[in-house]
Amino acid sequence: MEIVNYSKLKAKPFTVSRSFIYGINGEIKNCIACLDDSSILYIAGSNFVLYNMEKQTQTFIPIYSYNYMFDFVNEGFPQKDENLLTGILQKNTNYTINVMEVCYPYIAVAMQTSENIPLIEVFDVNNVKKKKILYGNETSTEFINVAFSNDKACILAQSGEPDWLLYFWLWNKGKKLSIIKTSNNYGGEIIQIAVNNYETSMVIVSVIGTSILRVYRYVENALKLVNQVRTEYKCVCHTWVNKNRIVIGTENKKILIYENGEFIGVIDHYVIPNGFANISDHLDNISKINVITPFSTGFAVGNDYGIISIFEKTEDSEGYYKKNHDEVLESSAVKSMAVHVNKKGLLVTLQNNQVYYIQVYVDIEKNIDQGFEHLILPFHDGSIIDMDTCIWKPIIVTCGSDKTIRIWNYRDNFVEIIKKYEFDPICLSLHPNGLFLLVGFHNSVKIMTILHNDLYEHWSTNIIGCVQCKFSYGGQFYAIIHGSTIHIYSSWTYSIIWIIRGHTSKVRSICWSNDDRKLFSCDVEGTICVWNIPERKRENILTVPGQQFINGVFTPDYRYLYILEGSGKIWKFDDKNLIYQIPQNLELNNLCISNSGNILIGSTNTGEIRIIHINQDNEQAISFYDLSVHSGQITKLAISNDDSLIFSCSKDGCIAIINLRENNDEIVVTSPKQIAKKFNSNEMLITKSDLQSTIETIMKLTNKVNIMIQKKDEEIENKKKENDDQMKLLNENYEKTVKNYEKISEQIKQELTENNIKYQNAMFDNKEKKEKEINDIKSNFKTKINNENEKYKNLEKQIEKVEVNWKEEIQSLKDQHVNKIQYLKDMYQKKIEEKNQAIALLKKEIKDNEQIHNGNLSEIDENSEKDAIKIQYIFENKIIKEKEILEKVKLENIDMKTQYNEIIKEINYHKQNLATVTAEEK
């Protein structure tokens, strides 16, 4: 038999796609992020989920896919490094996701394979196929933290023990720019890294460990240590709140504040969780701070008790922080927080897989608290044990390790009922009409009526250790496994029809045929039985030596059985013999079949769903398609009655809904609303007491409404009367005011006419006065001009007389000046001649003095040579003595230099010893 991969087929026999996933992987660090006002991103199962909160739709990006990995290696992965990825190319390799980091539009997720190969996958939200894989050194076993640089071009990742290396990649090219060890010499634990997003000029990253804070800067093509601080507290988380300040959360409710590598303050973070009366009761139960997230006006802190504390910056000079308020969510540890893009809210995930939205727009003076709400739906806390669906209603029923039973409406995407019990529900089955639920506990099996808001128990039997219970396809029977026996009950009378005792060991699984006439069962020893219910006899029994069968399904015509073996093979049986085997390269753990009989659906322990198409015309031609949905073991599979949806639940706490459509001509594509109208029922059950109470409340409310209507009618009538009276008064007042204004307007008109007459008379009188004044001014002006002309003529005559006298005086002054100049010339000429005679006499005296001076000089030269010889002898003796002293000084300097060099060597030796001592102390 040939089994062919779906991707190799030209004609695709079916179409499959992810539709919706209920749940979140809350144990992953930073597992949620906000993309825009209406979209968030989180990890559910083995997928990134882009959830639109307004439209309530999901888009999926598979985190790890075998095809992506294989293409990556084949596209030029270095041959020398292929040994690092040998485990990745195995289809059954299990992956563990450690941490996620989002820097829109890029996502980085750190994973670890079952072979301890650490990887970082980088995704682009806008282009799903664009993907990069980064890997560490051979000594690294996991990445505990990942962060993007400010420009989104680089990725920093911190590896775990034993090497504790900080990697710095240019991720788009897969190039390692730098690697540095962040732990101390004793291998101290490193917990978290954080990039300084406020510094845009360079890459600055901080690292916290058990009791240490280190800050690194990327300069000169390497990460270099800038600051290092040791603390007395064990650090758990930290973040940058501005360009220079770091806030650190510790295990013992302390918040440490550092600025530029210096400690500046501490905040004692005391909160009173639910169940504690006061702080003194809580001191013995110290809450560890798990997450710190900065926002625009401060930062938020989440602890082990599900309490979110909002701190805002104070306005004092020191700039410290003050707690504004606390939000108590649930008694579960906070795992991650992200700031909403509107800067007014926080997205919070808890360890119990719940997601909340918290309003943080607060005012310290007004103490405004906006509260919180579930962001998506209340999910299961822990693994989901069993699941079932029905024909009439679009619901899924699940039970989990959190001791709850939940009913999910997959058409409208909400949880209808959540019911918590004292003990864990082990198995369940939903009646085809969706109104009754069969639940098996460890000590009993119960039938519950599904009410509009509750589950009402109306039948119970004490059966211990029931591993599976199942309603028949038509709903008139239900079967319960009790050890090695199977109890068949009537759904109408709740009486036992038949107790099947054909197995010699514990029964593992049962399955009804579509006509409810046959029941399949298999036990832990591998014995297969087919029972005829109406005739109450065993039709067939088959034991295959050495084979362990898990479960089986009937074909729609109930002529054949597909049985799942523990190794993953699927066997096809008829009434007596084995027809053929369908080999598998995966170990399947669950099996179900479509109502058309053309598709088998299997699941694995690693979270994959395998869809197998069987060609009814040629059963030897079988194709399959693998879909990675969950991150843990799939515990149950189911399919809708119209074969359009596949349901799966897993130990990762997620429920996946997958669209399925066979590509043949018989299928008529209809809209979801048409399908809902055709198959789904809107009826629900309610108890008589609830109905009576609701009727009573309705009657009370209707009476209240009638009374309120009467009161409102009376009030309206009274207001109408009051309004009519007020209108009359207003009309009367209006008429009076109009008459008064008419009288006033007539008076104003009369005054206006009188004022016009007065104004005209005054204008006429003013004109006459002004004309007389102008004539008088003109006559006076003419007389004044005549007088001025006469004065001007007299002044001209006086000026002519003054000019004649002035010319005469100037001529006399000129004559006097010429005479004085001539006198002075004669006098100074005589003085010059006298001076020339005196100069000639002085020249003669100078010549005589020169002769005398030369004679004296010859005598002086003879005496000076003798003195110079004496002085030269004295100075030469002094120079010889100085040279001797200089040589002595040189020798002393040489001795001092040798002593100086020896001292420097001793200093360097002591420095080396001091450095080694300090390193050992650290």
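**Questions on a predicted model**

Student: Is R610 buried or exposed?
Tutor: Compare its accessibility with the cut-offs: buried is under 20% relative accessible area, exposed is over 50%, and partly exposed lies in between (1.4 Å probe, protein chains only). R610 has 1% relative accessibility, so R610 counts as buried.

Student: What kind of model is this?
Tutor: Residues are numbered from 1 along each chain as its sequence is written, and side-chain values use heavy atoms, with hydrogens and water left out. Local features need pLDDT of at least 70, side-chain atom pairs count only at pLDDT 80 or more, and totals for chains, interfaces and linings use all residues: this is a predicted model.

Student: Which side chain makes a polar contact with the side chain of R610?
Tutor: R610 lies in strand 53, residues 608–614. Strands are DSSP runs of E, at least two residues, numbered from the N terminus. A polar contact is a pair of N or O atoms within 3.5 Å; within protein, one must be able to donate a hydrogen and the other to accept it, and residues adjacent in sequence count only if both atoms are side-chain atoms. At 2.8 Å, the partner of R610 is N585.

Student: How many disulfides does a search of the whole structure find?
Tutor: A disulfide needs two cysteine sulfur atoms within 2.5 Å. The sulfur of C427 has its closest cysteine sulfur in C469, 3.6 Å away, so that pair is too far for a bond. C427 is also buried, at 1% relative accessibility. The whole-structure search gives 0.

Student: In what order do the 4 strands of the open sheet stand?
Tutor: Two strands pair if DSSP finds at least two bridges between them. Strand 3 (32–34) and strand 6 (57–62) each pair on one side only, as edge strands. The pairing is antiparallel, and the order is 3-4-5-6.

Student: Which residue in strand 5 stands opposite A44?
Tutor: Strand 4 (residues 39–44) and strand 5 (residues 47–52) run antiparallel, joined by 6 bridges. Opposite A44 stands N47.

Student: How many residues has the largest nonpolar core?
Tutor: A nonpolar core is a set of buried Ala, Val, Leu, Ile, Met, Phe, Trp, Tyr and Cys residues joined through side-chain atoms within 4.5 Å. Y22, I40, Y42 and F48 have the most contacts inside the largest one. F48 touches residues including L41, F60, M100 and F123, not counting residues up to four places away in sequence, where contact means heavy atoms within 4.5 Å. The residue count of this core is 66.
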